[in-house]
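Please work through each task before reading its solution.

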Amino acid sequence: AVEISRDRDELLISLNRPEKHNAYNEQMRDELSAALQLAIEDQSIRKVVLRGAGASFSAGGDLTEFGSVDDAGVAHIARTTRSPGLLLSRISDRVTVEVQGACVGAGIELPAFCPHIHAQEDAYFKLPEVALGLVPGAGGTVSITRRIGRQATAKLALSGITIDAQHALAIGLIDKVG
């Protein structure tokens, strides 16, 4: 679900479920956590590039896994002990995220922890969780709020609107288009 490669002091991490628009599932979370942990532990890695294979960076949570855990406590422990958002925040100064296509839910919540988000023109952003009866769970209540403030985050989350790359750039959700 996640591929990594290294070239000298640069680590490339690629979300690799292009046939599912890199839908964020348990396997991807665990493999992404492991890749980010490598970047934390190996100080010779000076730059990390995070990207998604295929047409989308990430279409967000894999809906086929929603409700599949019987024990909410176990699920909570798994999410908090293997949290890519927390790991990204620890090394954010070394991370550039390159996004395209769908950047939905976790697909923008995780990149928002990083100070360098470069989007292709076709990128679009959405927080659909509230419409599903959920709260953004990959860290977006923290990461996106830090980037664009409480009101703009609330508007994205509560309205479920989709914004394009130019709008995201204008409000500070991303840093570069093109």
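This is a predicted model: local features need pLDDT of at least 70, side-chain atom pairs count only at pLDDT 80 or more; totals for chains, interfaces and linings use all residues.

**Exercise 1.** State how many salt bridges the structure holds, and examine the one that Arg17 forms with Asp62.

*Solution.* The structure holds 7 salt bridges. In the pair Arg17 and Asp62, the closest N and O atoms are 3.1 Å apart. Next, locate the partners: Arg17 belongs to the loop between β2 and α1, whereas Asp62 belongs to the loop between β3 and α2, 45 residues apart. Finally, consider accessibility: both Arg17 and Asp62 are buried.

**Exercise 2.** Determine whether Arg29 and Asp30 are buried or partly exposed.

*Solution.* Buried means under 20% relative accessible area. Arg29 has 10% relative accessibility and therefore counts as buried. Asp30, with a relative accessible area of 25%, is partly exposed.

**Exercise 3.** Explain why the salt bridge between Arg51 and Glu98 ties together parts that are apart in sequence.

*Solution.* The side chains meet at 2.7 Å, N to O. Arg51 lies in strand β3 and Glu98 in strand β4, so the pair ties together parts 47 residues apart in sequence. Arg51 is partly exposed at 29% relative accessibility, and Glu98 is partly exposed at 27%.

**Exercise 4.** Identify the edge strands of the open sheet of 6 strands.

*Solution.* The order is β1-β2-β3-β4-β6-β9, with mixed pairing. β1 and β9 each have a single partner strand, so one side of each is left without a neighbour in the sheet. β1 pairs with β2 in the antiparallel sense over 6 bridges; the bridge partner of Arg6 in β2 is Leu11.

Note on methods:
Residues are numbered from 1 along each chain as its sequence is written. Side-chain values use heavy atoms; hydrogens and water are left out. Two strands pair if DSSP finds at least two bridges between them. Helices (H or I, at least four residues) and strands (E, at least two) are DSSP runs, numbered from the N terminus. A salt bridge is a side-chain nitrogen of Lys or Arg within 4 Å of a carboxyl oxygen of Asp or Glu. Buried means under 20% relative accessible area, exposed over 50%, partly exposed in between (1.4 Å probe, protein chains only).
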